[in-house]
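Me: I have a chain open in my viewer and would like to learn how to read it. Could you walk me through it, feature by feature?

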Amino acid sequence: MNQPPGARYGAYPEPTPWAAGIAVSALVAVLATAGVYAFGAALAQVHWTLAVAVNLVAVGGAAPSAWRWRGAPVVRWILLGVAAGVVLGWIALLIVAISS
């Protein structure tokens with residue numbers, strides 16, 4: 001869809017691709033969950049405070065960049081998947097820590 005010169009981005013809204021967006025979010029969430037869990041579990045073998053500190057620093061450092069990119073049409077689905085994956089990875093780490 002071509003926009004006339006001088007038109008601002010998003011002036012002519014297109015329909016939201018829900019099926020493709022949710023599929024991308026789900027795949028990214030699976031990858032992010034696996035990454036956060038594996039990295040957190042490896043750091044927890046050294047010391048649990050190291051795992052918590054590194055996870056908090058990583059999320060705190062990435063959050064401002066993610067917040068700026070949240071409105072981009074494709075990137076918002078990826079960010080949704082990453083956010084869900086980080087939360088699910090933390091939940092998995094907590095469940096394993098509590099059960100052991």
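Me: Let's begin with burial: what percentage of the 100 residues in the protein chain do buried residues make up?
Reply: A residue is buried under 20% relative accessible area, exposed over 50% and partly exposed in between, with a 1.4 Å probe and protein chains only. Here buried residues make up 17% of the 100 residues. Keep in mind that this is a predicted model, where local features need pLDDT of at least 70, side-chain atom pairs count only at pLDDT 80 or more, and totals for chains, interfaces and linings use all residues. Residues are numbered from 1 along each chain as its sequence is written, and side-chain values use heavy atoms, leaving out hydrogens and water.

Me: How many helices and strands does the protein chain have?
Reply: Helices (H or I, at least four residues) and strands (E, at least two) are DSSP runs, numbered from the N terminus. This chain has three helices and zero strands, in the order α-α-α from the N terminus on.

Me: How does the reach of H1 compare with the expected value?
Reply: The expected span is 1.5 Å times one less than the number of residues. H1 has 29 residues and reaches 42 Å from its first C-alpha to its last, close to the 42 Å expected.

Me: Which residues of H3 are buried, and what covers them?
Reply: An α-helix has 3.6 residues a turn, so residues three or four places apart point the same way. In H3 the buried residues are Trp77, Gly81, Gly85, Val86, Gly89 and Leu93, and their cover includes H1 and helix H2 (48–69). In H1 the buried residues include Gly21, Ser25, Ala29 and Thr33; H2 and H3 are among what covers the buried residues of H1.

Me: Is threonine 33 buried or exposed, and what is it in contact with?
Reply: Contact means heavy atoms within 4.5 Å. Threonine 33 sits in helix H1 (residues 18–46) and is buried, because its relative accessible area is 19%. Leaving aside neighbours within four places in sequence, its contacts are Gly85, Leu88 and Gly89. Across the protein chain, residues 24 or more positions apart account for 64% of the contacts with a separation of 6 or more.

Me: How many aromatic pairs are there?
Reply: A pair of aromatic rings is described by the distance of the centres and the angle of the planes. Rings of Phe, Tyr and Trp (its six-membered ring) pair if their centres lie within 6.5 Å; planes under 30 degrees apart are stacked, over 60 edge-to-face and the rest tilted. The count comes to one aromatic pair: tryptophan 18 and tryptophan 77, edge-to-face at 5.4 Å centre to centre, with 80 degrees between the planes. Tryptophan 18 lies in helix H1 and tryptophan 77 in helix H3, so the pair ties together parts 59 residues apart in sequence. Tryptophan 18 counts as exposed at 54% relative accessibility, whereas tryptophan 77 counts as buried at 9%.
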